[in-house]
Amino acid sequence: MDRVELVVVGAGPAGMTAALYAARGGLSTVVYDKGMPGGLIASTDRIENYPGVESISGFELAGRMRKQAESFGARFRSGELKSIRKEGSVFSMDFSGESVESKAVIFAAGSVPRKLGVDGEERLTGRGVSYCATCDGPFFRGKDIVVVGCGSSGLQEGLFLLGFVRSITYVEFLPYVTGERVLYERNKERENVSFLLNHKVVRIEGEDSVESVVVVDRRTGEEKRISVSGVFIYVGFLPASGPVAGLVERDKDGYIITDEGMATSTPGLFAAGDIRKKPLRQVVTAASDGASAAFSAIEYIKELGK
Ligand SMILES: Cc1cc2nc3c(=O)[nH]c(=O)nc-3n(C[C@H](O)[C@H](O)[C@H](O)COP(=O)(O)OP(=O)(O)OC[C@H]3O[C@@H](n4cnc5c(N)ncnc54)[C@H](O)[C@@H]3O)c2cc1C
């Protein structure tokens, strides 16, 4: 069994910043991720609102964060957290295939895309239904697509998709656009973009791949069929807090409740980033949480040693 001072779960911006601060502060630190390090930004086309970096691909920013954390001694490993328990002051964790013990844990597992839950969505996922423009956009060169959700994520990823597709029809449940104004304006000025506000997707149709999306006008009840080859869905996220459910206090949606030092209801277990109950989920706030969590973990371990 491997023993370290700090385990960080999740190598998104929160986890990588936590690892950077903790390793630089002298803790032996291991970061686990169930996928590729980088988290949500690794598949985000452009980040334009991280201070000091005018415009950068999410993939590149993620790579820089990892390199910086590694330069201070943080180690990255592949593994999904399956279970965690605390006995005395020691945390024991099972990560698909390996076990590790630590004095403190920073849980920064972020969130997963929310599904629409309509007919055809699951069956056609990977066959025209996608939640990741960067991963799948190039498959839709010259095609017509629907983007569901006019929050900032949907509008931003739609702009990226415009580099490939022939047209985008945005479908938004609410009667107004909720995303940033600047992103809306950039979409609106394009001739091949249209908006169906106050419309609800009721099903996605197609034999072997997506052929059409059926929507209902929420004001009139009129049903419309939009012929498209792809549907990109950006309707929010669900926190990946399941593995620590028994150890921490969560809100009704599953987001972890922390104090301003990122401490959860279990001493020594800290939470950072999108997984946390908070008003703004962005790279800059994830990084900020990661730094605070690492600072608190260092203080906590110092106290344990007294
Ligand atoms: C399409 C899109 C565009 C965006 N654009 C911007 C933008 O322009 N600017 C901005 O500031 N923010 C943007 N965001 C938001 C930003 O990406 C997030 O706020 C940020 O990535 C949150 O970081 P995080 O580290 O908390 O979580 P995440 O980035 O979600 O990382 C969590 C990591 O934890 C891992 N994980 C999950 N469960 C486990 C487990 N059980 N065991 C091991 N590992 C696990 C995941 O694989 C993942 O790598 C965008 C988000 C999306 C979806």
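Predicted model: local features only at pLDDT ≥ 70, side-chain atom pairs only at ≥ 80, totals over all residues.
1. Residues are numbered from 1 along each chain as its sequence is written.

2. The protein is divided into domain 1, made of 2-112 + 237-304, and domain 2, which covers 115-233; these bounds come from an automatic or database domain assignment. Taken over C-alpha atoms, the centres of domain 1 and domain 2 are separated by 32 Å.

3. Around the ligand there are 35 residues, of which G10, G12, G39, G110 and G273 come nearest; a residue is near a molecule if its C-beta atom, placed from the backbone, lies within 6 Å of it. Both domain 1 and domain 2 give at least three residues to this shell. At least two residues of the shell come from each of α1 (13-24), β2 (29-33), α4 (152-161) and α6 (283-304), where helices (H or I, at least four residues) and strands (E, at least two) are DSSP runs numbered from the N terminus.

4. By residue type, the shell around the ligand holds 16 nonpolar, 13 polar and six charged residues. In this count Ala, Val, Leu, Ile, Met, Phe, Trp, Tyr, Cys and Pro are nonpolar, Asp, Glu, Lys and Arg are charged, and the others, Gly among them, are polar.

5. Helix α1 has twelve residues, and from its first C-alpha to its last it reaches 16 Å, close to the 16 Å expected at 1.5 Å a residue; the expected span is 1.5 Å times one less than the number of residues in the helix. Eleven of the twelve residues of α1 are buried, among them P13, M16, A18, L20 and Y21. A residue is buried if 20 or more other C-beta atoms lie within 10 Å of its own, exposed if 12 or fewer, and partly exposed in between, with C-beta atoms placed from the backbone. The cover over the buried residues of α1 includes β1 (2-9), β2, α2 (58-71), β8 (98-107) and α6, and just after α1 the residue G26 takes a positive phi of about 105°.

6. The largest nonpolar core has 55 residues, and A18 and I106 have the most contacts inside it. The largest share of this core, eight residues, comes from α1. Such a core is a set of buried Ala, Val, Leu, Ile, Met, Phe, Trp, Tyr and Cys residues joined through C-beta atoms within 7 Å. Leaving aside neighbours within four places in sequence, A18 is in contact with V8, I106, A108, A272, G290, A293 and A294, contact meaning that the C-beta atoms of two residues, placed from the backbone, lie within 7 Å. Apart from this core lies another, of 30 residues, including Y131, V171, V213 and V228.

7. Helix α6 has 22 residues and reaches 31 Å from its first C-alpha to its last, close to the 32 Å expected at 1.5 Å a residue. Its buried residues, including V283, A287, G290, A294 and I301, pack against β1, α1, β3 (46-47), β8 and β19.

8. Two residues other than glycine deserve a careful look at their backbone, because most residues of that kind have a negative phi. N198, in the loop between β13 (193-197) and β14 (199-205), has a positive phi near 60°, and N198 counts as partly exposed because it has 16 C-beta neighbours inside 10 Å. M262 has a positive phi near 75° and is placed in the loop between β18 (237-239) and β19 (269-271); M262 counts as buried because it has 28 C-beta neighbours inside 10 Å.

9. G151 sits in the loop between β11 (144-148) and α4, and G151 is partly exposed because 17 other C-beta atoms lie within 10 Å. Not counting residues up to four places away in sequence, G151 touches T178, G179 and Y234. R166 is in the loop between α4 and β12 (167-172), and R166 is partly exposed because 14 other C-beta atoms lie within 10 Å. With residues up to four places away in sequence left out, R166 touches G142, K143, D144 and N192.
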